[in-house]
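Here is a short briefing to read alongside your structure.

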Amino acid sequence: MKENVVLIGFMGVGKTSLGKLLAAKLGRPFVDLDEKIEHDAAMKIPEIFARYGERFFREMEKKAVREVCARRNIVIATGGGTVKDAENLRLLKNSGVIICLTTEPEEIFRRTERRGERPVLDARREDRLDAIRKLLTERQEFYSQADFQIDTTSWSPLQIVNEICDYLKRGN
């Protein structure tokens with residue numbers, strides 16, 4: 001098995017909550033990139049976007065990716081757009097196995113409907129569900145580069161974690 005397990009996918013698919021469960025089951029530390037960025041910046045991501053813009057956030061994200069990819073035997077949850085950057089994707093792929101979590105757009109809408117917490121989505125002018133569909137389409141080429149994909153729409157967290165563990169045991 002590659003050393004790290006990296007969870008990618010759109011916002012609201014469960015990367016953080018499932019990452020914590022997966023890390024516990026594997027007996028590994030868990031690192032959430034967004035939480036690391038917030039800790040390093042001493043402010044929440046929406047505040048980073050409002051104060052400094054997305055470009056600044058993406059630079060912080062690249063730095064965080066480099067730092068976590070230098071570690072071994074961890075479970076990493078990325079931000080939804082982390083893999084849009086070719087260098088981030090390359091580093092993550094080199095550090096471990098990439099698991100893409102997917103969910104139906106309507107379920108993402110339901111899970112992310114609180115405004116003020118998702119700056120990339122909140123900034124879109126179109127209908128929120130349409131924005132989700134457009135962003136999913138834009139990011140599909142990046143998400144499709146994962147080693148394994150699993151849909152989180154209707155499975156329980158335990159079923160999803162067990163399915164990922166089964167995949168990892170099979171040797172990717």
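The second largest pocket is lined by 14 residues, and those nearest its centre are Thr102, Thr103, Leu136, Gln140 and Tyr143. This is a predicted model, in which local features need pLDDT of at least 70 and side-chain atom pairs count only at pLDDT 80 or more, while totals for chains, interfaces and linings use all residues. Residues are numbered from 1 along each chain as its sequence is written, and side-chain values use heavy atoms, with hydrogens and water left out.

**The pocket**
- The volume of the second largest pocket is about 150 Å³.
- Strand 4 (96-102) and helix 8 (128-143) each supply at least two residues of its lining, and helix 8 gives the most, with five residues.
- Sorted by class, the lining has seven nonpolar, six polar and one charged residues.

**Lys93**
- Lys93 sits in helix 5 (residues 86-95) and is partly exposed at 26% relative accessibility (the class between buried, under 20%, and exposed, over 50%, with a 1.4 Å probe and protein chains only).
- A polar atom of the Lys93 side chain lies 2.7 Å from the backbone oxygen of Gln145.
- Val6 is 87 residues from Lys93 along the chain, yet their C-alpha atoms are separated by 8.2 Å.

**The cysteines**
- The structure holds zero disulfides (pairs of cysteine sulfur atoms within 2.5 Å).
- The closest cysteine sulfur to that of Cys100 is in Cys69, 16 Å away, which is too far for a bond.
- Cys165 is in no disulfide either, with the nearest cysteine sulfur, that of Cys100, 17 Å away.
- Cys100 is buried, at 1% relative accessible area, and Cys165 is buried at 4%.

Notes
Helices (H or I, at least four residues) and strands (E, at least two) are DSSP runs, numbered from the N terminus. A polar contact is a pair of N or O atoms within 3.5 Å; within protein, one must be able to donate a hydrogen and the other to accept it, and residues adjacent in sequence count only if both atoms are side-chain atoms. On a 1 Å grid over the protein atoms alone, a cavity is a set of points where a 1.4 Å probe fits but cannot get out, and a pocket is an open set with protein on both sides within 12 Å along at least five of seven lines; lining residues have an atom within 4 Å of a point. Grid points are joined across faces, edges and corners, and a volume is the space filled by probe spheres set on the points. Ala, Val, Leu, Ile, Met, Phe, Trp, Tyr, Cys and Pro count as nonpolar, Asp, Glu, Lys and Arg as charged, and the others, Gly among them, as polar.
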